[in-house]
Amino acid sequence: QLQLVESGGGLVQSGGSLRLSCEGSGFTLDYYTIGWFRQAPGKEREGVSCISSSGDTPYYDDSVKGRFTISRDNAKNTVDLQMNSLKPEDTGLYFCAAHYTPPGTNGCGTARGLYGSWGQGIQVIVSS
C-alpha cells in the first residue's frame, strides 16, 4: 500500500506563503504523477496542481496560476507545493495523491479518478 504524507500546512495571513510537502513512504515518487487537491468546507474536492513523473509541463488550476509552484525533489522523495500570495479562498484541507505513470511521461491531469493513492490531508487556513 502506497503511503503519502503531507506536511507544511498551518495558519497564515492573507498575502503570506506556505510550502506543502508530499512525501512517499516506502516507495519512490519517481514513477508517479503527483497531484495536489484541496477541499474547502462544504465544497467538492478540487484539483489545484499536478506534476508528471518527468517533471515537465506541470498543470495549475486558473485560481492558483502565478501564485503556486509545484516541484519534485527526487533526492528527498517529495513533491512540494509552494504557495505564495495566499488568499482566504485558498483555505481548505489539502491532499496529495499519486498515480503510476511510466518514466518520461509528460503532462498530467487532476481528474480524481486517475489517482489511486491519497494522503490524509493537511489543513491550510488563510486569515483575512
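Author: Gladly. Let us begin with a term: contact means heavy atoms within 4.5 Å. Please keep in mind that this is a predicted model.

Reader: Which residues does glutamine 13 touch, leaving aside those up to four places away in sequence?

Author: By that 4.5 Å limit, glutamine 13 touches Val126 and Ser127. The C-alpha atoms of glutamine 13 and serine 128 are separated by 6.2 Å, although these two residues are 115 apart along the chain. Glutamine 13 itself lies in strand β2, which covers residues 10-13.

Reader: Why does glutamine 13 count as exposed?

Author: Exposed means over 50% relative accessible area. Glutamine 13 has 61% relative accessibility, so it counts as exposed.

Reader: And how much of the chain counts as buried?

Author: Buried means under 20% relative accessible area, and 43% of the 128 residues count as buried. The accessible surface of the chain comes to about 6,300 Å², and 47% of that belongs to carbon and sulfur atoms.

Reader: What makes the chain as compact as a globular protein of its length?

Author: First, the make-up: the chain has eleven strands and zero helices. The globule rule is 2.2 Å times the number of residues to the power 0.38. For 128 residues that rule gives 14 Å, and the radius of gyration of the chain is 14 Å, so the chain is as compact as a globular protein of that length. Along the principal axes, its C-alpha atoms fill a box of roughly 40 × 30 × 25 Å.

Reader: What share of the contacts between residues at least 6 apart in sequence joins residues at least 24 apart?

Author: That share is 63%.

Reader: Let us turn to the sheet. What is the strand order in the open sheet of four strands?

Author: The order is β1-β3-β8-β7, with antiparallel pairing.

Reader: Why is one side of β1 and of β7 left without a neighbour in the sheet?

Author: β1 (3-7) and β7 (68-73) stand at the edges and each has a single partner strand, so one side of each is left without a neighbour in the sheet. From one strand to the next, the twist averages 15°.

Reader: How do you know that β1 and β3 pair?

Author: Two strands pair if DSSP finds at least two bridges between them. Five bridges join β1 to β3 (residues 18-25), and these strands run antiparallel. As for bridge partners, serine 7 has serine 21 in β3.

Note on methods: Residues are numbered from 1 along each chain as its sequence is written. This is a predicted model: local features need pLDDT of at least 70, side-chain atom pairs count only at pLDDT 80 or more; totals for chains, interfaces and linings use all residues. Side-chain values use heavy atoms; hydrogens and water are left out. Helices (H or I, at least four residues) and strands (E, at least two) are DSSP runs, numbered from the N terminus. Axes are lines fitted to C-alpha atoms, for helices over the stretch in contact, and angles run from 0 to 180 degrees between N-to-C directions. Buried means under 20% relative accessible area, exposed over 50%, partly exposed in between (1.4 Å probe, protein chains only). Accessible areas come from the Shrake-Rupley method with a 1.4 Å probe; for residues, only the protein chains shown count as cover.
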